[in-house]
Amino acid sequence: MLVDARWTRSGLEEALESFSHRHDVDALVTRLLDLMPSAPLDVESGLSLLRGMPVLPMYLPPRPKPPSWHFDVPRYSSNIDLARSLDVTPWELEWFADLGGWLRTKPYPLQHYRTRTIDKRDGHRLLEVPKPRLREMQRRLLTRILDRIPPHDAAHGFVRGRSAVTFARPHEYADVVIRMDLADFFTSIRRPRVAAIFASAGYPRTVARTLAGICTTETPAERLSGLPHDRAVALRAPHLPQGAPTSPALANLVARRLDRRLAGFARKNGLTYTRYADDLAFSGSADVRVDKLITVVTTIVRAEGFSVNVRKTRIRRAHRRQVLAGLVVNESAAVPRARYDALRALLHNCSITGASEQNRDGLPDFRSHVYGVIAWIGESNEVRRAVLHDLAARVDWDS
């Protein structure tokens, strides 16, 4: 069994999977690699290695149990099956998964991600965008596996058929709206939690770990300069990269238990709960005990492996403007009137002076940008959408 195995950590783990009911496979593999870092050259060498570890031949391998598959996902029973599905060799699969963290100290051309920092009002956001080959592998996993595992009904971000509008609308006309924010939503999700998602679908442990490796990364040290110490420490550990196509879906699935507990708490207390990515929204009647709500929610969030960014907690009663995901929900959820008026004025000026004259920020595709804003505003108000499209049709975008 061992003599024919690929002499790598993942190959040996796959070969020894049948012993996992009696032994710690990780410990066995570590011991094997310590005793013989490279593969045995012949059967006799392999047998002598086994004689040095008497615990291994004590038990005949039991008949392997068939995986208990859930959801309509492709059934990869081994890493070889997974490699074949992704059109890579087993060696390339190990290289892309990088379970040993080898690439974190390698030169940039060997690394799998491009990084760039985006300035935010409260600091910086590090985007980690996978290079083309890895990005294509992740897209396949997204469509073949992750899109077939449903998130909780309370999740509205990055879910087909849901949006910022469906996130905000359940909170319309509420006496009080409470918004809370999850700190470092993606980077706080580590590789073992991602592996657990794939394992819950039925994938064997070795395959689940490899899938998790493909979808997570460890940020190289040279990319962390200028970041706060605690954030840099979090990025050094294997985490969901903000910029990978698989990260939003995986984050929603990891947060499923959090959503279930918060939805249960809200239901028990006569509240409404929805989540859009890292934004948690609660609403209810005027007699809601807001201090109790925040305390209980913070406790649940911590118990589920996340943390609350207390600086972003907002409590808005009906006499103040209640905003969720950029939409005002005091009445029917809609983009603030000022944003609509500003875009209408911009389109009017474009039709008079020309589009290039109004492109003050030098956007490379100004027309697409404007139509994107129209789509955002129009998603919650068909009348506004029609007015803006009519104004945009009068603009000469090449002028």
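Reply: Ala, Val, Leu, Ile, Met, Phe, Trp, Tyr, Cys and Pro count as nonpolar, Asp, Glu, Lys and Arg as charged, and the others, Gly among them, as polar. Please note that this is a predicted model.

Me: Fine. How does the lining of the largest cavity divide by those classes?

Reply: Its lining residues comprise 5 nonpolar, 7 polar and 6 charged.

Me: And what volume does the largest cavity have?

Reply: The volume of the largest cavity is about 190 Å³.

Me: How many cavities of 30 Å³ or more are there?

Reply: The count comes to 1 cavity of 30 Å³ or more.

Me: Which residues lie nearest the centre of the largest cavity?

Reply: Leu-103, His-112, Tyr-113, Thr-217 and Glu-218 lie nearest the centre, out of 18 residues that line the largest cavity. Among the elements, α5 (90-97) and β1 (113-120) each contribute at least two residues to this lining.

Me: Let us change topic. At what angle do α14 and α17 pack?

Reply: Helix α14 (residues 337-353) and helix α17 (residues 382-393) pack at an angle of about 20°, and their axes are 9 Å apart. Angles under 35 degrees count as roughly parallel, and α14 and α17 are therefore roughly parallel to each other. Their crossing is left-handed.

Me: Which residues make that contact?

Reply: From α14 they are Arg-337, Tyr-340, Leu-343, Arg-344 and Leu-347, and from α17 they are Arg-384, Val-387, Leu-388, Leu-391 and Ala-392. By class, the contact of α14 with α17 has 7 nonpolar, no polar and 3 charged residues.

Me: What about α16 and α17, parallel or antiparallel?

Reply: Helix α16 (residues 366-378) packs with α17 at an angle of about 160°, the axes being 8 Å apart. Angles over 145 degrees count as roughly antiparallel, so α16 and α17 are roughly antiparallel to each other. The crossing of α16 and α17 is right-handed. Among the residues in contact are Tyr-371 and Ile-374 of α16, with Arg-384 and Leu-388 of α17. The contact of α16 with α17 divides into 6 nonpolar, 2 polar and 3 charged residues.

Me: That leaves α14 and α16. How do their axes cross?

Reply: The axes of α14 and α16 cross at roughly 145° and come within 11 Å. The crossing of α14 and α16 is left-handed. The contact includes Tyr-340, Leu-343 and Cys-350 of α14, together with Phe-366, Ile-374 and Trp-376 of α16.

Me: And how does the contact of α14 with α16 divide by class?

Reply: The contact of α14 with α16 has 11 nonpolar, no polar and 1 charged residues.

Key. Residues are numbered from 1 along each chain as its sequence is written. This is a predicted model: local features need pLDDT of at least 70, side-chain atom pairs count only at pLDDT 80 or more; totals for chains, interfaces and linings use all residues. Side-chain values use heavy atoms; hydrogens and water are left out. Axes are lines fitted to C-alpha atoms, for helices over the stretch in contact, and angles run from 0 to 180 degrees between N-to-C directions. Helices (H or I, at least four residues) and strands (E, at least two) are DSSP runs, numbered from the N terminus. Angles under 35 degrees count as roughly parallel, over 145 as roughly antiparallel, 65 to 115 as roughly perpendicular and the rest as oblique. A crossing is left-handed if the near helix is turned anticlockwise from the far one by less than a right angle, and right-handed if clockwise. Contact means heavy atoms within 4.5 Å. On a 1 Å grid over the protein atoms alone, a cavity is a set of points where a 1.4 Å probe fits but cannot get out, and a pocket is an open set with protein on both sides within 12 Å along at least five of seven lines; lining residues have an atom within 4 Å of a point. Grid points are joined across faces, edges and corners, and a volume is the space filled by probe spheres set on the points.
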